[in-house]
Amino acid sequence: MRTTVGIIGAGPAGLLLARLLHNAGIDSVVLESRDRAYVERRQRAGILEQGTVDVLRSAGAGERLDREGLRHDGIELRYDRRRHRVDFPGLTGGRSVTVYAQTEVVKDLVALQLAKGGPLLFEAEALAVEGAESDRPRVRFVHRGAAETEESVLECDYVVGCDGFWGVSRDAVPAAVSQVFERTYPYGWLGILADVPPSHDELVYARHDRGFSLLSMRSPTVSRLYLQVPAEEDAADWSDEAIWDELDRRLETAPGDDWALHRGPITAKSVTPMRSYVHEPMRHGNLFLAGDAAHIVPPTGAKGLNLAVGDVVTFARAFVHFRRTGDTSLLDTYSETCLHRVWQAERFSYAMTTMLHRAPDATPFDDRIQRARLDRIATSRAAETDLAECYTGFPFG
Ligand SMILES: Cc1cc2nc3c(=O)[nH]c(=O)nc-3n(C[C@H](O)[C@H](O)[C@H](O)COP(=O)(O)OP(=O)(O)OC[C@H]3O[C@@H](n4cnc5c(N)ncnc54)[C@H](O)[C@@H]3O)c2cc1C
């Protein structure tokens with residue numbers, strides 16, 4: 001097989017990139033190791049920045065998003081039983097975010113790609129990227145979804161590794177030029193999906209001496225909630241009742257406040273580890289890395305999916321510019337351009353995580369500092385504006 005741009009991975013990054021290239025008349029092939037049902041079911045992110053929504057719309061993937069996405073104009077910070085609302089449009093000159101699950105973004109992009117787009121091969125696992133430094137890089141892959149399983153080669157002009165944190169494309173960057181910056185956290189998130197209307201119309205980020213919790217949602221009838229738990233926790237050790245009881249404790253409000261947590265049947269339960277990770281550079285020869293293949297953020301800032309979108313928008317712009325003019329300058333600065341935005345998101349996600357989670361070895365001093373940081377946001381328009389600007393998103397490129 002031969003193509004102009006070989007894309008490894010059909011997560012949000014790979015699928016959107018295929019769409020953007022197709023719309024610009026550039027051919028690509030997407031290789032995805034999992035089957036379609038698995039990719040469309042995988043529960044992950046749910047908050048789209050304004051810029052992400054705009055890109056999906058202009059790529060032709062905004063129809064259902066516009067119909068079903070929930071516009072959110074703020075979040076609530078809850079601590080010491082107090083409630084503080086951060087008003088995004090008022091602080092940022094009109095910006096907001098949209099609640100629309102990653103599963104739905106993926107479904108929309110898969111449907112578009114299969115209806116009008118280049119090949120998207122499911123159960124096609126990339127084994128290695130070869131010749132990244134040459135002008136003819138190749139992806140060796142095995143297509144289990146084909147009638148006969150056999151190893152094949154996809155020859156490309158360029159390869160974009162959109163294969164997530166556990167993919168193979170990053171391995172093609174030689175160790176001598178790779179730099180990794182990483183932090184792991186001694187806690188994870190126990191996340192649940194529940195068939196019950198959200199207990200609040202905006203997300204609630206709660207700091208509590210028992211640990212962090214987050215009230216989120218997927219739709220007007222489905223709640224998504226999270227509890228900070230030890231990193232090695234097994235979700236099976238938590239009964240449904242224990243989860244609701246713990247959420248009730250951590251989301252407590254002041255006496256007299258009539259807020260209440262609505263309980264309902266829990267339909268999914270899992271633990272997500274927390275990690276900050278950046279691989280530099282994001283380009284080696286004709287191999288480009290995008291999304292989780294190059295960087296991971298803890299989910300507290302709701303940035304992972306939005307960063308992946310930023311990377312592929314940057315690549316698509318650079319590549320279309322190159323094809324139209326022969327000028328490689330935007331491709332040459334791809335890594336630098338993306339990393340600027342990536343590090344801002346890393347900083348913000350780290351700051352939100354450490355402000356709201358209680359480390360197992362937290363001292364009374366640490367607790368006071370967390371409260372002081374939250375008080376600063378609640379009482380300073382400058383601090384609150386910074387949070388609102390970061391949450392609603394950094395500009396692309
Ligand atoms: C459990 C979990 C929960 C998360 N929750 C949140 C959240 O609440 N908020 C938030 O903002 N972010 C969240 N994230 C992060 C967010 O979902 C990711 O940042 C986003 O999925 C990145 O998109 P991507 O396309 O770069 O990578 P992915 O979505 O990981 O897609 C990579 C794709 O590549 C495929 N692949 C892997 N290896 C190969 C191979 N060798 N050959 C072919 N295909 C391959 C994978 O099957 C996958 O489909 C979460 C992530 C995880 C793992």
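Start by selecting Arg 81, in the loop between β5 and β6. This is a predicted model, so every value on the tour is computed from it. Look at the backbone here: phi of Arg 81 is near 65°, a positive value in a residue other than glycine. Is Arg 81 buried, exposed or partly exposed? Arg 81 counts as partly exposed because it has 13 C-beta neighbours inside 10 Å, and a residue needs 20 or more to be called buried.

Next, select residues 74-79 and 203-207 together. These are β5 and β13, which pair in the parallel sense over five bridges. To see one of the bridges, pick Tyr 79, whose partner in β13 is Arg 207.

**A loop residue beside the helix**

Select Arg 210, in the loop between β13 and β14. Which residues does Arg 210 contact, leaving aside its neighbours within four places in sequence? The contacts are Arg 249 and Arg 250. Arg 210 counts as partly exposed, because 13 C-beta neighbours lie inside 10 Å. For a sense of scale, draw a distance line from Arg 210 to His 279: the two residues are 69 apart along the chain, and their C-alpha atoms are separated by 33 Å.

**A cis bond**

Move on to Glu 280 and Pro 281. What kind of peptide bond joins Glu 280 and Pro 281? The bond is cis, with omega at about -5°. Pro 281 lies in the loop between β16 and β17 (283-284).

**The three-stranded sheet**

For a second sheet, select β3, β7 and β4. This one is open as well, has the order β3-β7-β4, and its pairing is antiparallel. β3 (47-49) and β4 (70-72) stand at the edges with a single partner strand each, so one side of each is left without a neighbour in the sheet. From one strand to the next, the twist averages 35°. Zoom in on β3 and β7 (residues 97-99), which share three bridges; Leu 48 has Thr 98 as its bridge partner.

**Two helices crossing**

Show α1 and α6 (residues 102-115). Their axes come within 10 Å and cross at roughly 35°, and the crossing is left-handed. To view the contact, display side chains including Leu 15, Leu 16 and Arg 19 of α1, with Val 105, Leu 109 and Leu 112 among those of α6. By class, this contact has nine nonpolar, two polar and one charged residues.

**Around α8**

Select Ala 302, in the loop between β19 and α8. Ala 302 has a positive phi, near 55°, in a residue other than glycine. Ala 302 is buried, because 25 other C-beta atoms lie within 10 Å.

Carry on into helix α8 and pick Val 309. Why does Val 309 count as buried? Within 10 Å there are 27 other C-beta atoms, and 20 or more is enough. Not counting residues up to four places away in sequence, Val 309 touches Pro 12, Leu 16, Thr 52 and Val 55. Leu 20 is 289 residues away from Val 309 along the chain, yet the C-alpha atoms of the two are separated by 11 Å.

**Last stop: the ligand**

Finally, show the ligand. How many residues surround the ligand? There are 32, and the closest are Gly 9, Gly 11, Gly 164, Gly 291 and Gly 304. The elements α1 (12-23), β9 (124-130) and α8 (304-325) each supply at least two residues of this shell. Colour the shell by class and you will find 14 nonpolar, eleven polar and seven charged residues.

Key:
Residues are numbered from 1 along each chain as its sequence is written. This is a predicted model: local features need pLDDT of at least 70, side-chain atom pairs count only at pLDDT 80 or more; totals for chains, interfaces and linings use all residues. Two strands pair if DSSP finds at least two bridges between them. Helices (H or I, at least four residues) and strands (E, at least two) are DSSP runs, numbered from the N terminus. A residue is near a molecule or strand if its C-beta atom, placed from the backbone, lies within 6 Å of it. Ala, Val, Leu, Ile, Met, Phe, Trp, Tyr, Cys and Pro count as nonpolar, Asp, Glu, Lys and Arg as charged, and the others, Gly among them, as polar. A residue is buried if 20 or more other C-beta atoms lie within 10 Å of its own, exposed if 12 or fewer, and partly exposed in between; C-beta atoms are placed from the backbone. Axes are lines fitted to C-alpha atoms, for helices over the stretch in contact, and angles run from 0 to 180 degrees between N-to-C directions. A crossing is left-handed if the near helix is turned anticlockwise from the far one by less than a right angle, and right-handed if clockwise. Two residues are in contact if their C-beta atoms, placed from the backbone, lie within 7 Å.
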